[in-house]
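Please look at the sequence and the coordinates before reading on.

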Protein chains: 2
Amino acid sequence: MIDQLIQKIEEKQNPTVMGLDPNLNFVPRHIKEEAYERYGKTLQGAAEAFYLFNTQLIDGVADLIPAVKPQVAMYEQWGAVGIDVYVRTIKYAKEKGLIVIGDIKRGDIASTAKAYSDGHIGQVAIEEKQVTVYQEDFITINPYMGFDSVEPYLEDCREYNKGLFVLVKTSNPYSGQLQDVDLVDGSKLYEKVGSLVSKWGEKFIGKYDYSSIGAVVGATYPEQGQALRKQLPHTFFLVPGYGAQGATAKDLAGCFDKEGRGAIVNSSRGIIAAYRQPKYKEQFTEKEFVQAARMAVLEMKKNLEGVRS
Amino acid sequence: MIDQLIQKIEEKQNPTVMGLDPNLNFVPRHIKEEAYERYGKTLQGAAEAFYLFNTQLIDGVADLIPAVKPQVAMYEQWGAVGIDVYVRTIKYAKEKGLIVIGDIKRGDIASTAKAYSDGHIGQVAIEEKQVTVYQEDFITINPYMGFDSVEPYLEDCREYNKGLFVLVKTSNPYSGQLQDVDLVDGSKLYEKVGSLVSKWGEKFIGKYDYSSIGAVVGATYPEQGQALRKQLPHTFFLVPGYGAQGATAKDLAGCFDKEGRGAIVNSSRGIIAAYRQPKYKEQFTEKEFVQAARMAVLEMKKNLEGVRS
């Protein structure tokens, strides 16, 4: 799956992934009204507003980006109707030729991990029938429980040509509280996790020398990103933290290799709520949120070009 | 919320939590047939089979146990219809007077954690309306991303009288791969996590001297459990790993305090699929799965009594 992702990035000449993490404050008023009119100010109305918002954004930028990353929490909060919209968003994005990275960050014992994996990237069995459910291309997972909590996903990655991004060094302010602890062997915890991810991914290396088992490495810690790039030459990075979380293009330079490959960079709010930013507010009305998102993607693409060469 | 849990345990004289982690192999044929007849061998049919299974089990043992722990993965795998059954299972269990521990193991950056927390233990806002969605009493969470990924849950625990169990030392075979790494300060990672959980829970200590912010501590590592009990006198333990995962009552002794308090012990398969075990197969048919579950609960209660005094 990593080969397809890298091909899409080359094709679009853009390692930007649009994070579909809507919240109701980001959704323009006219879209919310349309959804509430149909379903009321209910869980279904809120979920439907997300679907309308997502599909218009996807239509507006699908030609510019290789992938989208829906954050399942934003849908899960509305209950079953939210999960339905999560599934429909994935389907819609794939129909538009985009790769879908499901940001689910699951992590559990093997029998439970198998249920998550079957549902999200594999197939569930209902008696003699095999059924696909979520169908993300990649999902994110949490490594805290160790190898046996990861193995079921690896099996499905092999069988269904899927990929993972395992949390290594996350973008949030307190990520260092555990991830940066010093181990007796002189390394940091996240470096140990990085090594494990690299090992787990050895049998998944594709034609660009990157593995379908990748790592989440936050843009907000540029030195660690650069060091991890050297430590893990075959591990592709999913990089959150650009834009709203504070990282700039310069901070990302170290996450790319000499060919300008090796990372895909997420921006959520910075794209999907671009119309609310002062710099775009002058050019675009709320109803032109898609055009604002397009402009933000083009700007991000340009900024990343500057650090990938 | 921890006070209510402890009260229920005292009332039932039983620190057993029934893990509602069904899989289709555990569900008796007559229940599956009923569900398939209504909905076909579909995602909805599978999900509905779980609901019928869960509600009959809850009816059968609600007088004996303080709490149930549905594992969300088992429902999430069926997509939206599965989540609907997860929500309905929680509702049903609460109506029967049981405390519900949602085993969701989420962990994400603050803005995302807030969405999970609002949905699961708080309230979501749809414009001026506040809506409750999942309504677990406790949820499990993953600490790998640090304090800011936990804080939104703490706020909701305070506001809505809820509780957490944070993964500290899990029950699975590879839990030590990261959790047992040696830190330069001489401690293990899980001990550090344990200290953090204790600190996060300081303001949530109730009348029994335990905090609503608890820890997941696997029964399969009895020595660590015993040491953690001493290290964390105010941290209540949710203990998985009993029965099917290999731990016995003796392994649990160290998780309880001198009053026989301090832990609630989960058994999933061992109860809900008791009818499939050789020792119960002779006494109960498949249709008598509830009676077998009841017997398994009573046996577990007795075994735990032996190590709590």
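Is A:Ile6 buried or exposed? A:Ile6 is buried, because 21 other C-beta atoms lie within 10 Å; a residue is buried if 20 or more other C-beta atoms lie within 10 Å of its own, exposed if 12 or fewer, and partly exposed in between, with C-beta atoms placed from the backbone. This is a predicted model, in which local features need pLDDT of at least 70 and side-chain atom pairs count only at pLDDT 80 or more, while totals for chains, interfaces and linings use all residues. Residues are numbered from 1 along each chain as its sequence is written, and chains are lettered from A and ligands numbered from 1 in the order in which they are written.

A:Ile6 sits in helix H1 (residues 2–12) of chain A; helices (H or I, at least four residues) and strands (E, at least two) are DSSP runs, numbered from the N terminus. Leaving aside residues up to four places away in sequence, A:Ile6 touches A:Tyr208, A:Tyr210 and A:Arg261, where contact means C-beta atoms, placed from the backbone, within 7 Å. The C-alpha atoms of A:Ile6 and A:Ile264 are 8.9 Å apart, although 258 residues separate the two in sequence.

A:Ile264 is also one of the residues touched by A:Val239, among them A:Val217, A:Leu252 and A:Val265. The largest nonpolar core has 209 residues, and A:Val239, A:Ala293, B:Val239 and B:Ala293 touch the most other members. A nonpolar core is a set of buried Ala, Val, Leu, Ile, Met, Phe, Trp, Tyr and Cys residues joined through C-beta atoms within 7 Å.

Next comes the interface. Chain B has 60 residues in contact with 60 residues of chain A. On the side of chain B that touches chain A, H6(B) gives the most, with six residues. That side divides into 32 nonpolar, 17 polar and 11 charged residues; Ala, Val, Leu, Ile, Met, Phe, Trp, Tyr, Cys and Pro count as nonpolar, Asp, Glu, Lys and Arg as charged, and the others, Gly among them, as polar.

Within chain B, the axes of H3(B) and H5(B) come within 9 Å and cross at roughly 15 degrees; axes are lines fitted to C-alpha atoms, for helices over the stretch in contact, and angles run from 0 to 180 degrees between N-to-C directions. H3(B) is therefore roughly parallel to H5(B), given that angles under 35 degrees count as roughly parallel, over 145 as roughly antiparallel, 65 to 115 as roughly perpendicular and the rest as oblique. Their contact has nine nonpolar, five polar and three charged residues. For helix H2 (residues 29–39) of chain B and H3(B), the axes come within 8 Å and cross at roughly 140 degrees, so H2(B) is oblique to H3(B). Seven nonpolar, two polar and four charged residues form the contact of H2(B) with H3(B).

Backbone angles remain. Most residues other than glycine have a negative phi. A:Lys105, in strand S3 (residues 99–106) of chain A, has a positive phi near 45 degrees, and A:Lys105 counts as buried because 28 C-beta neighbours lie inside 10 Å. B:Gln135 has a positive phi near 70 degrees and lies in the loop between S5 and S6 of chain B. With 18 C-beta neighbours inside 10 Å, B:Gln135 counts as partly exposed. B:Asn161, which follows H7(B), has a positive phi near 55 degrees.

Definitions and conventions
Two residues are in contact if their C-beta atoms, placed from the backbone, lie within 7 Å.
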